[in-house]
Amino acid sequence: MILAMVFLFSSSDPIFGPDKARHAASSFILFTSAYTLLDSRCEWQATASAAGITVSAGLLKEFYDYKRKAQFSWQDLLWDGVGLVLGAGAVWARSNRKK
């Protein structure tokens with residue numbers, strides 16, 4: 001855990017940089033949209049598929065950045081994960097609200 005923190009904070013890309021909110025928001029929107037568009041009769045499959053789509057999109061974006069700018073950002077992936085978790089929480093809260 002400490003090694004991961006040192007690795008994340010020692011990069012030239014700041015962990016609280018200006019683009020991190022965009023990463024979190026994009027992942028949130030992608031996750032909730034994918035979940036909504038998938039068949040939600042089986043919630044765990046829709047959740048797993050939406051998570052897979054969101055993780056894949058984040059990784060593809062970072063590989064594209066690496067190819068284009070020679071910069072792969074673990075910090076961006078961290079914020080993509082934050083957006084995914086927030087999206088999953090929003091979906092869970094919506095499906096478990098009292099009627």
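Leu86 is exposed, with a relative accessible area of 51%; exposed means over 50%, buried under 20%, and partly exposed in between, with a 1.4 Å probe and protein chains only. Leu86 sits in helix α4, residues 74-95. Together with Phe28 and Ile29, Leu86 forms a nonpolar surface patch of about 280 Å² accessible area. Such a patch takes residues with over 30% relative accessible area and no salt bridge, and joins nonpolar side chains (Val, Leu, Ile, Met, Phe, Trp, Tyr) within 5 Å. A salt bridge puts a side-chain nitrogen of Lys or Arg within 4 Å of a carboxyl oxygen of Asp or Glu.

This is a predicted model: local features need pLDDT of at least 70, side-chain atom pairs count only at pLDDT 80 or more, and totals for chains, interfaces and linings use all residues. Residues are numbered from 1 along each chain as its sequence is written, and side-chain values use heavy atoms, with hydrogens and water left out.

Now the overall fold. The protein chain has four helices and zero strands. Helices (H or I, at least four residues) and strands (E, at least two) are DSSP runs, numbered from the N terminus. Of the 99 residues, 29% count as buried. The chain exposes about 7000 Å², and carbon and sulfur atoms supply 69% of that area. Areas come from the Shrake-Rupley method with a 1.4 Å probe; for residues, only the protein chains shown count as cover.

The largest nonpolar core has seven residues: Phe31, Ala34, Tyr35, Ala46, Ala50, Leu84 and Val91. A core is a set of buried Ala, Val, Leu, Ile, Met, Phe, Trp, Tyr and Cys residues joined through side-chain atoms within 4.5 Å. Helices α2 (20-37), α3 (43-69) and α4 each supply at least two residues of this core. α2 gives the most, with three residues. Val91 touches Phe31, Thr32 and Tyr35, not counting residues up to four places away in sequence; contact means heavy atoms within 4.5 Å.

The whole structure holds four aromatic pairs. Rings of Phe, Tyr and Trp (its six-membered ring) pair if their centres lie within 6.5 Å; planes under 30 degrees apart are stacked, over 60 edge-to-face, the rest tilted. Phe16 and Trp79 have ring centres 6.0 Å apart and planes at 65°, so this pair is edge-to-face. Phe16 lies in the loop between α1 (2-9) and α2, and Trp79 in helix α4, so the pair ties together parts 63 residues apart in sequence. Phe16 is exposed, at 66% relative accessibility.

Key: Patch = residues over 30% accessible without salt bridge, like charges linked within 9 Å, V, L, I, M, F, W, Y side chains within 5 Å.
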